[in-house]
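Student: I would like to go through how the two chains of this model meet. Could we take it one question at a time?

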There are 2 protein chains.
Amino acid sequence: MPLIVAFDEPVEAELAARLCGIVDGIKVGLPAVIRGGLEWAREVSRAAGSCEGLRILDLKLADIGHVMRLSVEPFIGYYDGFIAHSFVGGEGSLDELKSYLDHHGARLVLVASMSHPGSRDVYDRALDFIMEVIERVDPWGIVAPATRPSIIGRLRARFASKKILSPGVGAQGARPGYALRAGADYEIVGRAITGASDPLAAAKSIIEAQEEVVRGGVEEDG
Amino acid sequence: MPLIVAFDEPVEAELAARLCGIVDGIKVGLPAVIRGGLEWAREVSRAAGSCEGLRILDLKLADIGHVMRLSVEPFIGYYDGFIAHSFVGGEGSLDELKSYLDHHGARLVLVASMSHPGSRDVYDRALDFIMEVIERVDPWGIVAPATRPSIIGRLRARFASKKILSPGVGAQGARPGYALRAGADYEIVGRAITGASDPLAAAKSIIEAQEEVVRGGVEEDG
């Protein structure tokens, strides 16, 4: 089952290796990079490199192109995918980041909507404009919240070939499997795995829960 | 004249001390933190602490509350202000960050619009919603682009008592002084100062240019 584990705190880098073969990838977040440092983030990448899983760096980039390029440059060759906000738009920003990542054989992943209630204040109201940006910038993947399957459905309908990554499973309230059933390609789980006393067992149990929902063994969520 | 110097690359920390008494503050950006590391960012804070200038950390935060709190926590006590994006909304995000910063006596600064052309794709179209978020979250300051004085004017009209910080002066095309004249409280200059062979002389020359415009010695920009 397609599960990505979010490292938002500087956990033992070796955990990335131990998760190999169990999950589909890891996603390293900004606070983990700040606290763990650049060398820790590279060590996690090397540990995760013992299998074929995705290595995604989630700085939630949202700046002008110049600043975003400076931010990702130290991670090129270590991470396969980089998350940025679609909200910042193309010219002078995401267009430059996309060219830079293309040039280095890395993938861009754009946030289309978020998992918390406040996403309704602005982000979700601007979804039509956001989708125009995604259309034009043409990233490899999109981030859409597991907590709101209807948005995943709209994005899946419009962007048939793009990967959809869904955070919000676990601590934020969405149950495993429902985002996949709504059209997501990966579900992202953080604290429920990295904060567990046995992270591998926690990951396996989430995968079982995903399987049950995706195979239709669980009734539609209301 | 109210000038803030942006450090987007890990320049010598001592530059922050040398700029004391000349400029009104420094702003340290995400790529500088990534490349220089947490200890470098704290060293810059200590160097800047030799005067009363603002010390702003510009991670362009745009995440759920939990992740943003984890991101700023290592900088509490070192930086006075923290920049986040207003487009992420309140509940579960900026509300939590605001409470956290209030509790620690630190200031929140929210981006309302950006300096690059792509800001028109989504950000500027959502300005009414953005202003609602700013109204409700009630930050100390707002970031608005020097490259588009009309947006500064709209924000100044609506938020009379909030500080407005304007990037986009210098390398991004806006000339010194015009954002101030449109209603900004501070202009932010990065590369034109940090990349100069004599950063102090560059800062002084920008301040002179600001003075000339603000005192009305230069005709209105078209």
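This is a predicted model: local features need pLDDT of at least 70, side-chain atom pairs count only at pLDDT 80 or more; totals for chains, interfaces and linings use all residues.

Student: By what turn can chain B be laid on chain A?
Tutor: The superposition has an RMSD of 0.0 Å, with a shift of 0.0 Å along the axis. The two copies are thus related as by a two-fold rotation axis. The turn is 180°.

Student: What share of the interface residues of chain B are also interface residues in chain A?
Tutor: In the contact between the chains, 48 residues of chain B touch 48 residues of chain A. The copies meet through the same surface, because the share is 100%.

Student: Which residues of chain B lose the most area to chain A?
Tutor: The two chains bury about 3900 Å² between them, and 65% of that lies on carbon and sulfur atoms. Three residues together make up 17% of what the chain B side buries. They are B:Ile34, B:Phe87 and B:Val122.

Student: How many salt bridges does the rule find across the interface?
Tutor: One of the salt bridges joins A:Glu73 to B:Arg35, with the closest N and O atoms 3.1 Å apart. Across the interface of chain B and chain A, the count is 8.

Student: Is B:Lys60 buried or exposed?
Tutor: B:Lys60 sits in strand 3 of chain B and has a positive phi of about 45° although it is not a glycine. Its relative accessibility is 11%, and the cut-off for buried is under 20%. B:Lys60 therefore counts as buried.

Student: What is the phi of A:Asp138?
Tutor: A:Asp138 lies in the loop between helix 6 and strand 6 of chain A and is partly exposed at 41% relative accessibility. Although A:Asp138 is not a glycine, its phi is positive, at about 60°.

Terms used:
Residues are numbered from 1 along each chain as its sequence is written. Chains are lettered from A and ligands numbered from 1 in the order in which they are written. Side-chain values use heavy atoms; hydrogens and water are left out. Helices (H or I, at least four residues) and strands (E, at least two) are DSSP runs, numbered from the N terminus. Buried means under 20% relative accessible area, exposed over 50%, partly exposed in between (1.4 Å probe, protein chains only). Copies are superposed by least squares on the C-alpha atoms of residues with pLDDT of at least 70 in both. Contact means heavy atoms within 4.5 Å. Buried area is the accessible area (1.4 Å probe) that two parts lose on being put together, summed over both. A salt bridge is a side-chain nitrogen of Lys or Arg within 4 Å of a carboxyl oxygen of Asp or Glu.
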